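Q: Can you walk me through this model? I'd like to start with the ligand.

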Amino acid sequence: MIRVTRRFPSLPYFWSLIDWTLPSVISHKRLLLKVQNVADLALVAQKRTPKVVFDYVAGSAVDEIAYARSKDAYARIELNSNVLRDVSEIDTTEIILGKTVDLPICFAPTGYTRLMHHVGEAAVANVAASKNLIYTLSTMGTTSPAELAQLVPHSRRWFQLYIMKNREDSLAVIKQAKDNGFETLVLTVDTPVPGLRYRDNRNGLTIPPKIRLNTVAAIARKPRWWLNLFTTGKLEFAAFRGWDKSLSELASLIFDPSTTFEEITWLRSVWDGPIVVKGIQNIEDAKSVAQLGVQGIILSNHGGRQFDRGPVPLEILEDVVAAVGNKVEVYIDGAVMSGLDALGAIALGAKAVFIGRAYLYGIMANGEAGVDQVIEILRKEFINGMALSGSRNIAEVRKNGARIRK
Ligand SMILES: Cc1cc2nc3c(=O)[nH]c(=O)nc-3n(C[C@H](O)[C@H](O)[C@H](O)COP(=O)(O)O)c2cc1C
């Protein structure tokens, strides 16, 4: 038997082990201190925002199956892993449309960002600028292209466009992008009609939120969120300010079921910068679009918020890259919630991933600092994954490769 010798406890040593930081009395601050990953931030977000807002972000279409399938596909990625590769220096930079970004992770366009947190689009763009990443402003943004350019002049900014029912309206929006230094147009093509969002219908979501009897109870539960809403600028589709149209009129202009490939040809004739088509969901469409002189495509099912029985973008990624990857840059989005999700998509051939909900959870949890935290979490996980799989740079990530387990 090993005999343990005991000694008199050393008080200074015992003292030095004690963490004297007092727990915060504010519950969300206590929660923020425990955050490890983006899912933890989503829990804080849920505590801080009214249910109707949280559900608008977290929810998707109909039975929410498309989103669940995407999430599941990311969980099944398996990267090839090499050891003994000297991973003391890791380079995460990538070149997107001719310019270097610090991570192959971009900010997807999301409408109404000031509904999630009053600091809105400008705060997200500010984080993007400070981290040398790309920010995409939505046509349905609550900050106008001019305001964004003025508030965050150094951001590398792309503008997301819906082809509208009449071309003069599209041209008016495109002009705002051009006049305000947006370098790329991202044309969203997966919205010929609006998705059926049952969670939003059940919650009675309206933009801006209507004051009903049950709103009073909601205000009592999240007073700070409501105070911020009422004491900062009007919540509106800022790109259409002064158009004198109701929200439903604007929505019907934006969702045009008669849009065809010809609109891309038209867009090519009126915009001389890069065009990225967002919402491609099969190889044939990827090929057709690539022939029209665009520079990139985003494989996307709108985060499962449109068609609830379409293919899973991640599962067609390799075939699409093989078919058109030498003509256009192929990006992907939908259900990227961690640095390892992003790494997996890059290993399967994506040039970059776009994130939507991940940064919205950050902004809902803690404003601009929350968005910053999301990027730092993703960066840490991405670099850790690169080191553990033996990749020193993005080219090696792709060379090492990955597969999706059946
Ligand atoms: C709240 C919210 C609003 C969105 N608004 C837009 C939009 O205005 N235009 C657009 O092209 N896509 C929009 N999207 C889709 C995103 O650009 C992106 O395709 C999707 O969020 C990716 O999935 P993820 O949220 O799981 O990352 C929105 C997504 C969310 C969650």
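A: We'll take the ligand, then the salt bridges. This is a predicted model, where local features need pLDDT of at least 70, side-chain atom pairs count only at pLDDT 80 or more, and totals for chains, interfaces and linings use all residues. Residues are numbered from 1 along each chain as its sequence is written, and side-chain values use heavy atoms, with hydrogens and water left out.

Q: Which residue has a polar backbone atom 2.7 Å from a ligand oxygen?

A: Proline 109 does. Glycine 111 places a polar backbone atom 2.9 Å from a ligand nitrogen. Lysine 278 uses a polar side-chain atom, 3.0 Å from a nitrogen of the ligand.

Q: New topic. How many salt bridges are there?

A: The whole structure has 23. Each is a side-chain nitrogen of Lys or Arg within 4 Å of a carboxyl oxygen of Asp or Glu.

Q: Which residue pairs with arginine 199?

A: Aspartate 55, with the closest N and O atoms 3.0 Å apart. Arginine 199 is in helix α10 and aspartate 55 in helix α4, so the pair ties together parts 144 residues apart in sequence. Helices here are DSSP runs (H or I, at least four residues), numbered from the N terminus.

How values were computed: Polar contact = N/O pair within 3.5 Å; in protein donor to acceptor, adjacent residues only side chain to side chain. Helix = DSSP H or I, 4+ residues; strand = E, 2+ residues; numbered from the N terminus.
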